[in-house]
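Please read the points beside the model.

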Amino acid sequence: MDYKDKLKIFDSHAHYDDESFNEDREFIIKEIQEDGVIGVLNCGASFDGAKNSVKLADKYDFFYAAVGIHPENANELTEDALKQLEVLAKNPKVKAIGEIGLDYYWEENPSKDIQKKVFRKQMQLAEKLGLPVVIHDREAHKDTLDIIKEFPNVKGVIHCFSGSLEFANECIKLGYYIGFTGVVTFKNAKKIIEVAKNIPLDRMLVETDCPYMAPVPNRGKRNQSSYIKYIIEKISEIRELDSIELSKIFIKNTKEFLKI
């Protein structure tokens with residue numbers, strides 16, 4: 001199959017501002033566009049990352065930005081930083097608040113109380129601006145669900161989804177999309193495969209989280225948006241559907257999520 005001619009990709013979560021792209025960023029961005037990538041949502045994980053995501057979105061027509069503070073950087077969200085995020089979010093290429101949420105995996109992360117406080121502040125910002133959110137949830141399913149329930153007017157995506165089918169369905173009921181990374185191609189990915197098999201197609205997004213999470217056959221390498229074709233192939237196998245038709249569904253979902 002010639003993906004350049006047929007399969008198109010909208011990467012709903014990437015980090016091309018990451019330093020691992022410093023040597024060849026322009027080359028890679030040109031390459032992925034030639035490989036059928038029609039859109040990229042670049043997500044800020046730090047305050048600097050948010051600013052750089054906006055710069056990328058301003059520079060490249062097919063790039064959009066999400067601005068937010070990742071839970072591991074929760075201490076960065078001062079009142080001044082929150083005000084500056086709001087200013088950044090008013091750029092027309094900014095389509096979401098993110099990457100925000102909770103990460104209880106790393107002990108060196110800020111405390112759970114600080115993470116939850118910062119998560120709520122950014123959910124409030126999203127509600128104020130009428131923007132969707134990109135949520136990071138690692139080993140924090142219950143607290144994540146409790147907080148998103150506090151903001152019924154805010155919708156978004158649970159990116160790099162790692163929960164159960166039951167948890168996925170709870171998030172979908174609240175108006176959220178479920179984000180699938182290269183993990184769905186891994187041999188031990190039984191839980192996410194069950195989710196991919198059973199949730200509605202119109203609630204699914206595909207993403208790289210690049211430079212991380214490269215799918216098989218590129219596992220362990222630096223990830224890039226064109227590798228989403230392997231994620232789509234795997235989901236097409238799971239759902240017994242044509243990969244080209246799936247790619248069209250995922251693009252439609254992403255555009256609806258970002259209101260573009």
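**Notes on the predicted model**

1. K191 touches S162, G163 and S164, leaving aside residues up to four places away in sequence; contact here means heavy atoms within 4.5 Å. The side chain of K191 reaches the backbone oxygen of S162 at 3.3 Å, where a polar contact is a pair of N or O atoms within 3.5 Å, one able to donate a hydrogen and the other to accept it, with residues adjacent in sequence counted only if both atoms are side-chain atoms. K191 belongs to helix 7 (residues 190–198). Helices (H or I, at least four residues) and strands (E, at least two) are DSSP runs numbered from the N terminus. With a relative accessible area of 46%, K191 is partly exposed; buried means under 20%, exposed over 50%, and partly exposed in between (1.4 Å probe, protein chains only).

2. On the basis of the note: this is a predicted model, in which local features need pLDDT of at least 70 and side-chain atom pairs count only at pLDDT 80 or more, while totals for chains, interfaces and linings use all residues. Residues are numbered from 1 along each chain as its sequence is written, and side-chain values use heavy atoms, with hydrogens and water left out.

3. Which residues of helix 6 (residues 165–173) are buried? They are L165, F167, A168, C171 and I172. These residues lie on the same side of helix 6 because they cover an arc of only 160° around the axis, the arc being that of the directions from the helix axis to the C-beta atoms. E166 and K173 are exposed on the other side of helix 6. The buried residues pack against strand 5 (133–138), helix 5, strand 6 (156–159), strand 7 and helix 7. After helix 6 comes G175, whose phi is positive, near 95°.

4. Helix 4 (residues 112–129) and helix 5 (residues 141–149) have axes that come within 10 Å and cross at roughly 35°. Axes are lines fitted to C-alpha atoms, for helices over the stretch in contact, and angles run from 0 to 180 degrees between N-to-C directions. The crossing is right-handed, that is, the near helix is turned clockwise from the far one by less than a right angle. Helix 4 contributes K116, F119, R120 and M123 to the contact, and helix 5 contributes D143, T144, I147 and I148.

5. G182 lies in the loop between strand 7 (176–180) and helix 7. Is G182 buried or exposed? At 0% relative accessibility, G182 is buried. G182 touches E207, M213, P215 and I231, again not counting residues up to four places away in sequence. Although G182 and E207 are 25 residues apart in sequence, their C-alpha atoms are 7.9 Å apart.

6. M213, one of the residues touched by G182, has a positive phi of about 65° although it is not a glycine. M213 is found in the loop between strand 8 and helix 8 and is partly exposed, with a relative accessible area of 31%. The loop between strand 8 (204–206) and helix 8 (228–239) also holds P211, and the peptide bond from C210 to P211 is cis, with omega near 15°.

7. A cis peptide bond joins G98 and E99, with omega about 20°, and E99 lies in strand 4 (residues 94–103). E139, which is not a glycine, has a positive phi of about 55°; E139 lies in the loop between strand 5 and helix 5 and is exposed at 52% relative accessibility.
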